[in-house]
Amino acid sequence: MLLGAHALPAMAVWAVLGAALGTVSGTKLLLFAAVAYALGYGLAETLRLPLRVVTLSRQVPASWIRGRRPGAQVAVWGLALGPGLFTHNYYAGIWLIPMMLALNGDAKQGALVGALVGLGHGLSRAVGILRLIPNLEEWERPATIILARFRWKLIDGLALVLAAGILIPRIF
Amino acid sequence: MRRQKLLAVVSLTAGGGLLLGLAGEQVGLQPLAAGLAVSLAVLTGAAKQASP
């Protein structure tokens, strides 16, 4: 239930986004922007440079959850958190994905890859929640959250640097 | 010292990425972009574990 609630809305949202972005043209400019973004934010996240991640500031409002049946709560969480676009996001890697979808240059392929992106994000988000549940007490400690966030920022930053390296030869 | 280690890791990662990019130049841009998009989606989804 939790896996489906996160993955299905994410697949739908990213498939629509992928189809729309697939119609964007201008490969060279996009590639240049993607490399600049990946390199800039990759260095900022790995070396902890003060570069703000573009993100919404909101989380899922408590009023959307409170008083609902468990099934409805999971559905609301899945809809809001599964796609990764509608709530606060600490990691810059998420915004390289739309640029990669735009590089498809085709609406049908963009929709297909977008659905896979949604499946990947939604499932890994839900698996993360399932892994949290047995250790909920530990995750209530701020130090645990901050340390984990630093570690994931480093991993996300390295992934961005790696992506920049992979994409650079395509510019020339 | 820690910063130097980080810089070394970042440089190695970027260099590794460049080598991968050069080695896979016969691979089309579309599958490359699709692979990066899906990989980043899995990674950023998992990373959100740290924002319960």
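Which residues of H3(A) are buried? They are Gly78(A), Ala80(A) and Leu81(A), where buried means that 20 or more other C-beta atoms, placed from the backbone, lie within 10 Å of a residue's own. This is a predicted model, in which local features need pLDDT of at least 70 and side-chain atom pairs count only at pLDDT 80 or more, while totals for chains, interfaces and linings use all residues. Residues are numbered from 1 along each chain as its sequence is written, and chains are lettered from A and ligands numbered from 1 in the order in which they are written.

**Chain B as a whole**

- Chain B has two helices and zero strands; helices (H or I, at least four residues) and strands (E, at least two) are DSSP runs numbered from the N terminus.
- The radius of gyration of chain B, taken over C-alpha atoms, is 15 Å, well over the 10 Å that the globule rule gives for 52 residues, so chain B is more spread out than a compact globule. That rule is 2.2 Å times the number of residues to the power 0.38.
- Along the principal axes, the C-alpha atoms of chain B fill a box of roughly 40 × 30 × 10 Å.
- Of the 52 residues in chain B, 40% are buried.

**Where the chains meet**

- The contact involves 45 residues from chain A and 33 residues from chain B; two residues are in contact if their C-beta atoms, placed from the backbone, lie within 7 Å.
- On the chain B side, helix H1 (2–23) and helix H2 (29–47) each supply at least two residues. The largest share, 16 residues, comes from H2(B).
- By class, the side of chain B that touches chain A has 21 nonpolar residues (Ala, Val, Leu, Ile, Met, Phe, Trp, Tyr, Cys and Pro), two charged (Asp, Glu, Lys and Arg) and ten polar (the others, Gly among them).
- Ala33(B) is found in helix H2 of chain B. Ala33(B) is buried, with 30 other C-beta atoms within 10 Å.
- Leaving aside neighbours within four places in sequence, Ala33(B) is in contact with Met100(A), Leu103(A) and Asn104(A).

**Helix H2 of chain A**

- H2(A), residues 27–47, has 21 residues and reaches 29 Å from its first C-alpha to its last, close to the expected 30 Å. The expected span is 1.5 Å times one less than the number of residues.
- The buried residues in H2(A) are Ala34(A), Val35(A), Ala38(A), Tyr41(A), Gly42(A), Glu45(A) and Thr46(A). They cover an arc of only 160° around the axis, which puts them on the same side of H2(A); the arc is that of the directions from the helix axis to the C-beta atoms.
- These buried residues pack against helix H4 (96–102) and helix H7 (142–171) of chain A, together with H1 of chain B.
- The face turned away from the buried side of H2(A) carries Lys28(A), Leu29(A) and Ala36(A), which are exposed (12 or fewer other C-beta atoms within 10 Å).
- Just after H2(A), Arg48(A) takes a positive phi of about 55°.

**Helices H3 and H1 of chain A**

- The twelve residues of H3(A), 70–81, should span 16 Å at 1.5 Å a residue, and the end C-alpha atoms are 16 Å apart, which agrees.
- Helix H1 (2–21) and helix H5 (107–132) of chain A are among what covers the buried residues of H3(A).
- Leu3(A) lies in helix H1 of chain A. Leu3(A) is partly exposed, with 16 other C-beta atoms within 10 Å, a class that falls between buried and exposed.
- Leaving aside neighbours within four places in sequence, Leu3(A) is in contact with Leu123(A) and Ala126(A).
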